[in-house]
Amino acid sequence: MNGLRWTGPMLVLLLNAALISTGGAAEQKPNIIVINIDDLGYADIGPFGSTTKTPHLDRMAAEGRKLMSHYAAPVCSPSRAALMTGCYPKRALPIPHVLFPAAAVGLHPDEVTMADVLKEAGYATACIGKWHLGDQPEFLPTRQGFDYFYGIPYSNDMGTVADGAKNNPGEPPPKPRARPRPKQNPNPNQSPNLNVPPRKDDETGIKATAQPPLPLLRNEQVINRVKAEQQYELTLDYTMEAREFIEQNKDRPFFLYLPHSAVHFPIYPREEFAGKSPNGAIGDWAMEVDWSVGQVLDLLRELKLDQKTLVIFTSDNGGSVRHGSKNGPLRGGKAETWEGGMRVGTIAWWPGKIPAGTSTDEITSMMDLLPTVARLGGVELSADRKIDGVDIWPVLAGTVDGKAPRDHFFYYRGFRMEAVRFGPWKLHLDKKQLYHLGDDLGEQNDVYGQHPEVVEKLQQLALTMEDDLGLDGVGPGCRPLGRVVKPLPLIDLEGVVREGMTMGVNAVRFE
């Protein structure tokens with residue numbers, strides 16, 4: 001991969017303004033907004049085939065460009081690491097699955113994030129929504145280049161049964177297991193209730209029904225305990241916070257990262273959207289997401305910032321089929337390396353810069369966004385920290401002439417590479433299955449035995465990563481995780497907020 005490297009100082013700012021037009025003229029740095037939905041299926045919104053009404057996203061697609069072959073990761077934390085660092089997830093956050101409450105590990109504070117890059121370029125930066133790259137203070141967004149954070153540190157199902165985090169509204173909570181498996185415990189001394197045999201992946205946090213209450217944070221302060229009534233309001237709250245941030249920074253370049261909790265299970269659409277979609281509760285919440293997008297884009301139009309702002313709408317992974325998402329015509333879903341697990345419906349919007357009503361089948365990925373926005377923000381990335389992303393501005397602008405920025409992609413699931421793509425060909429390594437995605441997007445017609453030369457080429461391509469990230473396990477190119485010695489929940493099982501995270505008040509309890 002033609003990855004960039006960081007050298008010398010963290011980054012070098014160009015002396016001139018960003019060269020953002022295809023003609024190379026110097027122009028004002030654009031605002032950057034990345035709207036990242038949680039577990040949104042490829043076909044959960046209108047522009048990608050859903051019958052759920054999403055008029056704002058329909059308009060966004062009509063005014064922008066659909067990225068039909070945009071890749072994330074199979075699950076949340078790795079995908080977000082790729083977006084923030086411009087790397088394959090395994091390089092920057094080598095973990096087996098996702099992070100959980102009170103994880104001893106997280107994205108290393110020395111990683112250079114998209115927020116770091118744009119902040120150095122003079123941007124105001126905010127993360128509003130779900131973070132999921134570590135919940136300890138050392139790993140929060142405010143330690144990773146963001147001026148402001150409002151939201152939850154991990155998924156909305158990582159709370160207690162009593163608070164409604166383990167079931168959809170109106171559905172019964174999960175029944176206790178007759179013989180519960182050993183629970184996660186990164187610090188056996190923190191609570192006798194969690195003093196159980198450790199699991200081999202203990203450092204990634206507390207699992208299942210042992211999880212503590214779900215906290216809502218403003219910067220590094222816990223401001224509420226998220227119960228069912230707060231779950232209903234998360235999309236609204238994030239949207240209003242996002243609008244306020246835009247208003248406050250309308251006269252300077254800003255970077256808004258808006259990672260919604262929707263449409264992750266448990267599904268909590270507000271009353272005005274409940275029961276409105278033909279696709280059930282997840283469709284209802286997709287409708288509320290669409291409303292939120294409309295609120296953001298309408299404000300940009302009102303403030304006359306629409307032609308100064310690049311907006312990317314995407315999802316952190318494929319939709320969860322068991323919770324009602326639709327990924328058709330793709331096969332599979334969340335947590336898998338079939339296309340339905342990693343190819344996500346994505347729209348790029350920038351009136352006057354991105355051609356309206358267009359789409360592209362060029363391969364793009366989450367890790368490509370960092371070098372792309374760095375270029376737009378006037379930042380030259382150079383060498384001592386390898387990244388895997390490439391500048392895809394020519395793809396977004398519809399000006400690719402000759403070789404595309406990216407022609408191949410590696411499908412990692414945790415530590416293991418499960419598939420590789422080159423051009424239209426995709427090889428599932430262990431399954432020994434080969435598909436031509438141009439003719440067979442649904443991965444139904446295995447042609448492994450018919451194209452031995454293609455199989456050999458893709459196998460050799462996969463082997464190029466053996467001495468870098470590795471094909472399984474932690475390879476020499478994987479960077480260290482951030483680690484803390486004594487991880488603690490931000491709210492403990494008794495409802496007491498962790499010391500130092502309560503606006504100077506020593507003991508705060510949320511019942």
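Start with the largest nonpolar core, which has 85 residues. Such a core is a set of buried Ala, Val, Leu, Ile, Met, Phe, Trp, Tyr and Cys residues joined through side-chain atoms within 4.5 Å. Buried means under 20% relative accessible area, exposed over 50%, and partly exposed in between (1.4 Å probe, protein chains only). Select I32, M114 and F255, the members that touch the most others.

This is a predicted model: local features need pLDDT of at least 70, side-chain atom pairs count only at pLDDT 80 or more, and totals for chains, interfaces and linings use all residues. Residues are numbered from 1 along each chain as its sequence is written, and side-chain values use heavy atoms, without hydrogens or water.

Stay on I32. Leaving out residues up to four places away in sequence, I32 touches L118, Y123, F254, F255, L256, L310, V373 and L376. Contact here means heavy atoms within 4.5 Å. Next, pick L57, I128, Y150 and V311, which are among the 53 residues of a second, separate core.

Now show the strands (DSSP runs of E, at least two residues, numbered from the N terminus). An open sheet of 10 strands runs β9-β8-β7-β6-β10-β2-β11-β12-β3-β13, with mixed pairing. Two strands pair if DSSP finds at least two bridges between them. The edges are β9 (221-225) and β13 (358-360), each pairing on one side only.

Zoom in on β8 (residues 215-218). It joins β9 through 4 bridges, antiparallel. Select P215: its bridge partner in β9 is R225.

Finish at A281, in helix α6 (residues 280-302). Is A281 buried or partly exposed? Partly exposed, because its relative accessible area is 36%. A281 touches I267 and P269, again leaving out residues up to four places away in sequence.
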